[in-house]
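Okay everyone, let me walk you through this one. Have the sequence and the model up while I talk.

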Amino acid sequence: MFFFLLTKDRRLTMGQIDEILIKMPRLIHFELELEDPMNVLGGRKWESWARQHLNLDIEESMDIIDGNQWKYSVSHLQTFDFRFYLSKIPSTQILHSFQSPFWLEQKRWFVAFDDRPSSRCLFTVPRFAPKSIIYSPDYPSIQCTSPELCLDQYVNTLTLPVLRPLTNDFINVTSFVLERNENLDRNTILPFLQLPNLHSLSFVNLSLLYVLPSELILNSIRTLNVKTSVSKSRIEQICIIFPQVERLEIMIDDNDTMLSSIDGLKYLSICKFIHSYPSSMGALKREWFQEHSSRLKTNDHFTYRINYNNIHLWMSVE
Amino acid sequence: MILFNLLPVELIHSIFRYLWAHEILHGFTNQSDYLDDVLRNYDRYAICLCTMLKTQFDQMCHRIQPKQVRSLAIMDEDDTPDQCTLFFSCFDIQQFVNLRSFAIISSDQSLFRKLDLLCQFNTLKSLVVPNVSQAYWCLFGGNVEMILPQLKRLVTDGYPLTKPLKSLQYLTVTHCFCYKLDYLLSQVVNLHSLNITISLDIFPLWTKKIPIMNHLKQLILRVNRKIIIITIEAF
């Protein structure tokens with residue numbers, strides 16, 4: 001039999017924040033983050049138990065999401081950034097109090113509100129502008145007090161859950177994750193692959209390879225993550241389309257496919273192979289790699305680690 | 001790169017401050033005699049044993065002199081097997097005589113013993129040890145605790161903050177219960193910058209007990225709202 005001792009914390013109040021700030025008379029930069037209220041210490045088991053059985057109505061101090069209240073506490077600061085996760089849906093006018101001359105003109109501190117249920121929060125931008133976004137058909141879902149500030153420029157990782165056209169200006173995206181590739185269409189997907197700063201690509205099945213124009217070579221891709229098993233003939237195609245890959249993570253069914261990527265991608269340095277049939281891997285020792293890979297035979301500057309069905313290799317390039 | 005040959009060395013050095021040693025040596029080697037000369041004479045290299053191409057790693061180990069290194073950070077990366085072992089087969093930790101900053105981000109706590117060896121030089125000003133457990137501090141932390149009073153910057157889970165550290169200016173504490181905050185701050189009254197994650201607990205008056213921090217210019221406060229479930233088995 002078990003007893004449970006439950007401590008339920010409360011949100012930091014405006015009065016407490018004032019008491020902290022008053023002890024720091026020379027403060028000029030202040031950043032405050034209030035994290036997800038549903039964060040259970042004691043493991044996953046307890047988390048699901050707590051979510052089910054505790055009707056957690058954690059006290060929400062509404063004063064800290066009121067821009068007029070803050071005005072008196074932070075007017076002496078040069079920078080003030082915050083991110084508050086909210087458990088309840090506040091009024092739709094949540095940004096209104098952050099649109100006074102104090103916020104917009106005197107301080108030029110801009111606030112945004114992300115109202116997706118999974119990440120509902122109020123935050124200052126650009127400090128807490130989302131870097132990784134899910135580019136669903138209803139994007140953008142973030143309201144902001146500055147009409148000029150374009151949040152798209154802060155995004156570096158773009159995840160595409162369903163196919164949609166690229167209609168935003170993601171000039172700084174470096175990493176593109178294709179989560180489902182059903183019904184891919186060449187003209188819709190190509191603009192994503194041609195984003196100006198893209199160097200990392202991840203996809204879950206090989207249909208992407210079929211829709212790309214046959215002569216296409218993507219020299220900009222340096223990191224490739226293929227979350228599905230790849231045959232030897234497909235890996236040869238991958239080597240042609242992505243000749244500059246330096247980091248590779250890929251699922252394999254046999255050792256030959258692994259050797260083809262090691263020998264076929266001449267800039268490859270950091271790689272992880274996930275073997276679908278670990279029993280057929282055999283005893284992969286250093287000598288095995290040197291014997292079977294023409295590249296590792298001539299250049300033995302490599303290290304490896306095998307962890308059940310994961311094979312890590314770290315190789316020098318001539 | 002031609003443009004770089006026209007830049008004064010001070011300007012190139014200030015660009016280097018933003019880059020790790022492996023990036024500098026990979027990007028600027030063999031571009032010109034002038035740049036090679038700048039690389040040879042630069043003495044503020046920051047080494048980070050993190051994910052990097054093997055060629056970058058080899059080049060760094062081949063070209064760098066330990067006395068040119070100011071800062072060493074050790075991460076824990078699965079994707080570069082044996083990186084740390086290879087590094088310490090090229091260099092002995094005690095060769096890094098000009099080291100000012102040492103960071104163990106890795107969960108491999110045995111690296112803490114290297115830090116203990118390093119502490120006899122007395123040159124360290126910055127220490128990043130967020131994952132070192134209390135047990136390791138007790139077993140191997142003797143020399144490290146001796147140098148704590150000279151540090152300017154410290155990143156920790158909170159354990160070593162039991163004595164006054166008057167020189168400390170930049171402190172990051174990865175977790176602290178709010179009732180302990182006043183004690184912790186009373187040890188580091190000269191701080192310029194504090195980055196701390198706290199958990200609220202049942203003590204409501206903790207904010208009233210905080211000491212006056214007259215030098216603090218920057219505060220980064222993260223409030224963790226964990227729900228704590230403690231189970232006690234009944235007999």
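Predicted model: local features only at pLDDT ≥ 70, side-chain atom pairs only at ≥ 80, totals over all residues.

Residues are numbered from 1 along each chain as its sequence is written, with chains lettered from A and ligands numbered from 1 in the order written.

Chain B has 10 helices and 9 strands (DSSP runs, H or I of at least four residues and E of at least two, numbered from the N terminus). Of its 235 residues, 30% are buried, meaning 20 or more other C-beta atoms within 10 Å of their own.

Now, the largest nonpolar core has 122 residues; that's buried Ala, Val, Leu, Ile, Met, Phe, Trp, Tyr and Cys joined through C-beta atoms within 7 Å. Among the members touching the most others are A:L158 and B:F102. Setting aside residues up to four places away in sequence, B:F102 touches B:L72, B:L115, B:L118, B:L124 and B:L127.

Over in chain A, there's an open, mixed sheet of 9 strands, ordered β7-β9-β10-β11-β12-β13-β14-β16-β15; strands pair when DSSP finds at least two bridges between them. The edges are β7 (132–134) and β15 (302–307) of chain A. Inside that order, β13 and β14 of chain A run parallel over 6 bridges, with A:M251 partnered to A:I274.

Notes: Buried ≥ 20, exposed ≤ 12 C-beta atoms within 10 Å, placed from the backbone. Contact = placed C-beta atoms within 7 Å.
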